[in-house]
Amino acid sequence: MDTSASSEGWTAGARLYSGREDPTWRVPGEQAESILASWDQLPSAPSPPPEPPPLGYGGCWLRAPDGREWWAGDEVMASEGDARTDPKREVERALLATAPAGMLPEGL
Amino acid sequence: MSITLTVDVFSGRPNPTVVITGPQEEELLERLRPEEKVHLEEVAHLAEPRLGYRGVAVQIEGERPRGVPSSLRVVNGVAFAGKKAFRIADAGFEGFVGSSEGPLRPLHGREQELPQLLWDEIGRSLELMVPWERIRETLKPKVEPGCQCAPLYEPEWWNVPAIQPYNNCYNYGTDVRTNTFAQPGKAAGAEYTGLTCSAVRKAALADDLIDAPKANNKCPGKGHLVALVIWPNSDFHWYRKGKTGYWSHKPGSTAVTNRDNSGALIADPRSADRGPYTSFCTFMVVMHGHVRII
């Protein structure tokens, strides 16, 4: 997970590339809190996200200023052993939508 | 003459067995006729012991057509006899044997559930077996002398916190750790200007990789083979061919692996499941100690 944008504020990123650095971006606090409120509503998942395939999109993450992290991928969003089911990938998509326009490929 | 068929499927109870004589024999022999030789090592996994369906054992007494052994076992359309294996003429032989119209008919009267049970079990087992094309694709390639110069597959060396996050596919492909997430052409002041095959290839040439478009998955006499693929307009990716003939790669900051996106070993990156890296660009050669990357 890239840490280049984590010195202050909320940051997010996507596991995406092989040759290039993965994209990371800042997330406004309000949006981050809203995403986490949605995450709180998700039902528990029986297991953490499975390991994604080696190449291509492999999930995204959100990091709080205090270092807490959430990882979303394959219809599961997890943080520190607490995994939630996100069957429609709504929270994951909301997190991806915080990326600046054009930063991520279409169709994630 | 007679043919004894035994469906090897049960563990505790006796396997269903039937002895065929008369006109049916000829039909069975025609279905069992050798069609194509196969290397035993390529299909050995089919004959491994397992619970559930393990094949149809065939014993032939009396005259046989040329090439048909007296004792064989058919699994997934492949006949095993001693140290030989061949594909039989009727790829659906086992399905025929297990079907309600098949040669086990005489047993169906006292075991009415048998045809369905065999049909289901044979079908289930054959589905679990890896298709022939997939086997062929992932067969261990013959190690050519040139591959002796290739780097070893040693993921444990790369997959550690001090190395893994800071080295990418280009580092791994060239076998040069820089901890800079190396970019093609950057060391030569000629970094790629687009995420296309031609742009990244040109940048790699500037780093002294050698163009080998006709390598055709063959190891070079010196150095080792790498392969460039592109996720059009999004990213590049490199694979490297190892000493064993298999390929491995390091997807970005993640761990080194020798598997493709379908979980298969990579015998040839051109046919591997590469996810969105849909453009196979070219093979190139890395001469150890000659390339310079940052």
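Two strands are taken to pair if DSSP finds at least two bridges between them. The model is predicted.

Chain B contains 9 helices and 12 strands. Of its 294 residues, 35% are buried. Among contacts in chain B between residues at least 6 apart in sequence, those joining residues at least 24 apart make up 62%.

An open sheet in chain B is formed by 7 strands in the order 2-1-4-5-6-7-3, with antiparallel pairing. Its edges are strand 2 (17–20) and strand 3 (34–38) of chain B, each of which pairs on one side only. On average, neighbouring strands of this sheet are turned by 25° against each other, direction ignored.

| Strand pair (chain B) | Bridges | Direction |
|---|---|---|
| strand 1 (residues 2–8) and strand 4 | 7 bridges | antiparallel |
| strand 4 (residues 55–61) and strand 5 (residues 71–75) | 4 bridges | antiparallel |
| strand 5 and strand 6 (residues 78–81) | 3 bridges | antiparallel |

Individual partners can be named along this part of the sheet.

The bridge partner of V74(B) is A79(B), which belongs to strand 6 of chain B. Strands 5 and 6 of chain B form a hairpin with 2 residues between them. In the turn of this hairpin, N76(B) has a positive phi of about 55°.

**Helix 9 of chain B**

Helix 9 (residues 197–206) of chain B has V200(B), R201(B), A203(B) and A204(B) as its buried residues. These residues line one face of the helix, because they fall within an arc of 160° when seen down the axis of helix 9 of chain B. They pack against strand 9 (224–231), strand 10 and strand 12 (279–286) of chain B. After helix 9 of chain B comes D208(B), which has a positive phi near 75°.

**Chain A**

Chain A has 2 helices and 6 strands. Read from the N terminus, its elements follow the order β-β-α-β-β-β-β-α. Of the 108 residues in chain A, 33% count as buried. Among contacts in chain A with a separation of 6 or more, 50% are between residues 24 or more positions apart.

Helix 1 (residues 29–41) of chain A comprises 13 residues. From its first C-alpha to its last it reaches 19 Å, close to the 18 Å expected at 1.5 Å a residue. The buried residues A32(A), I35(A) and W39(A) belong to helix 1 of chain A. These three lie on the same side of helix 1 of chain A, because they cover an arc of only 65° around the axis. The other side of the helix carries the exposed residues E30(A), A37(A), D40(A) and Q41(A).

A14(A) is in strand 1 (residues 10–14) of chain A. A residue is buried if 20 or more other C-beta atoms lie within 10 Å of its own. A14(A) therefore counts as buried, with 25 C-beta neighbours inside 10 Å. Leaving aside neighbours within four places in sequence, the contacts of A14(A) are D22(A), P23(A), Y57(A), C60(A), L96(A) and L104(A). One of these, L96(A), is 82 residues from A14(A) along the chain, while the two C-alpha atoms are separated by 7.9 Å.

**Where the chains meet**

Between the chains, 19 residues of chain B are in contact with 11 residues of chain A. On the side of chain B that touches chain A, the elements giving two or more residues are helix 8 (169–174) and strand 10 (235–241) of chain B. Strand 10 of chain B gives the largest share, 3 residues. Strand 10 of chain B is also among the elements against which the buried residues of helix 9 of chain B pack. By type, the residues of chain B on the side touching chain A divide into 7 nonpolar, 9 polar and 3 charged.

Notes
Residues numbered from 1 in each chain as written. Chains lettered and ligands numbered in written order. Predicted model: local features only at pLDDT ≥ 70, side-chain atom pairs only at ≥ 80, totals over all residues. Buried ≥ 20, exposed ≤ 12 C-beta atoms within 10 Å, placed from the backbone. Contact = placed C-beta atoms within 7 Å. Expected span 1.5 Å × (residues − 1). Arc of directions from axis to C-beta. Axes fitted to C-alpha atoms, helices over the stretch in contact; angles between N-to-C directions. Nonpolar A, V, L, I, M, F, W, Y, C, P; charged D, E, K, R; others polar.
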